[in-house]
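I opened this one up to see how it is put together.

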Amino acid sequence: MAEKKKKKKKMEFRYYQLPPGSPILALLGEKWVQNYGDRTADRLHFHNYMELGYCYYGAGDVVLGDDTYCFSGQQFTVIPSNFPHTTNSDPGNISRWEYLFVDVEVVLDGIFPDNALRKERALQRLYEKPWFLEEAEYPKEAAKIKEILNIMRKGDEFYLEEAKALLGCLLLEITRLNYTNKETRADAEQGRITCIVSRAMDYISDHYMEPIRVEQLAKYSHLSETHFRRVFTEYMHMGPLEYINTVRIRTACEHLKKTEEPVADIAHKCGFTTNSTFNRNFKQMMGVTPVEWRKRPENYEQRLLNYEIHTEKGW
């Protein structure tokens, strides 16, 4: 009797859009006091930006790839963009977390404006691995995360500049943390790959409204097209063209939800050359046509957050 293949875990891509002109998005307040996760779903997710999370209280576990850590309050996480993870509260337990999503490259541009080599080294360290840390063991880093959260919460004059400065200090401390924990060749290579993929994603975010060829992305990443396709697909669990399409559809949803622009104009703004291509791709992802979706956008966030990523060989 043939041995059954092990069922793969489902994966969600949770996309966050940062505020205009800011490299930081803060998720604060009562919304994040809840029972986290669904232990029956066996599902991980990943984000397009680095996630910094602080746990004030609660009980449960944090899953970082293949590793699981128990949380009980006064811990924090540092999770690179595109790294699979999830948080699960114990049954019946209410946990309080707050989060920062960070465009690491923008912050490092301010630290290393004229030194690309040092910036690259810092990026690879930051992308190298995730961290689950106890505040008692890393009080300086925990204090900085809490202070940034409070700065973003209060929103006083020059709050963003203050938060960016403190965030820069925190990121540098994390780079040293990776160094002092004995970098290995495998860790360094993983950090390099994460850096490559994240930069390609940034390029797509900036140019989704234009024709984008995989050949362009490969050249931008200093890889052959074949190597780039393999690296991107293995890391993201979707091909580069599928990711481009996902970004375009998400952006179209924003226009449909917030404007009264004609659907044809939105299709063009989001990088689709014909209305038929836009309608076909939109319905494939969202389940309805753009016109139908516009009439009932109440499920917008849920549909996007529950978009399942599938790995297909040969993409």
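This is a predicted model: local features need pLDDT of at least 70, side-chain atom pairs count only at pLDDT 80 or more; totals for chains, interfaces and linings use all residues.

My notes follow, from the overall picture down to single pairs.

**Overview**

I counted secondary structure and got 12 helices and 12 strands. Then I checked burial: of the 315 residues in the protein, 49% are buried. I also looked at how far contacts reach along the chain. Taking contacts between residues at least 6 apart in sequence, 72% join residues at least 24 apart.

**Nonpolar cores**

Next I went for the largest nonpolar core, which has 33 residues. Which of them touch the most other members? I got Leu52, Leu100, Val104, Leu167 and Leu171. Helix α4 gives the most, with seven residues.

**Helices α8 and α10**

I then looked up how helix α8 (residues 240–258) sits against helix α10 (residues 275–286). Their axes are 10 Å apart and the packing angle is about 90°. Anything from 65 to 115 degrees counts as roughly perpendicular, so that is what I call α8 relative to α10.

Who meets whom across this contact? From α8 I listed Asn245, Thr246, Ile249, Ala252, Cys253 and Leu256. From α10 I listed Phe278, Asn281, Phe282, Met285 and Met286. Sorting the contact of α8 with α10 by class gave me eight nonpolar residues, three polar ones and no charged ones.

**Salt bridges**

A search of the whole structure turned up 14 salt bridges. I went through three of them.

- Lys119 and Asp109: their side chains meet at 2.5 Å, N to O. Lys119 belongs to helix α2 and Asp109 to helix α1, 10 residues apart, and the pair links distant parts of the chain. Is Lys119 buried or exposed? Its relative accessible area is 11%, so Lys119 is buried. Asp109 comes out at 38%, so I put it down as partly exposed.
- Glu225 and Arg229: this salt bridge is at 3.3 Å, N to O. Both residues lie in helix α7 (residues 225–236), four residues apart, which is about one turn of the helix. Glu225 is partly exposed at 33% relative accessibility, and Arg229 is partly exposed too, at 27%.
- Lys269 and Glu261: the closest N and O atoms are 2.3 Å apart. Lys269 has a relative accessible area of 40%, so I filed it as partly exposed. Glu261, at 18%, is under the 20% cut-off, so it counts as buried.

Conventions. Residues are numbered from 1 along each chain as its sequence is written. Side-chain values use heavy atoms; hydrogens and water are left out. Axes are lines fitted to C-alpha atoms, for helices over the stretch in contact, and angles run from 0 to 180 degrees between N-to-C directions. Helices (H or I, at least four residues) and strands (E, at least two) are DSSP runs, numbered from the N terminus. Angles under 35 degrees count as roughly parallel, over 145 as roughly antiparallel, 65 to 115 as roughly perpendicular and the rest as oblique. Contact means heavy atoms within 4.5 Å. Ala, Val, Leu, Ile, Met, Phe, Trp, Tyr, Cys and Pro count as nonpolar, Asp, Glu, Lys and Arg as charged, and the others, Gly among them, as polar. A nonpolar core is a set of buried Ala, Val, Leu, Ile, Met, Phe, Trp, Tyr and Cys residues joined through side-chain atoms within 4.5 Å. Buried means under 20% relative accessible area, exposed over 50%, partly exposed in between (1.4 Å probe, protein chains only). A salt bridge is a side-chain nitrogen of Lys or Arg within 4 Å of a carboxyl oxygen of Asp or Glu.
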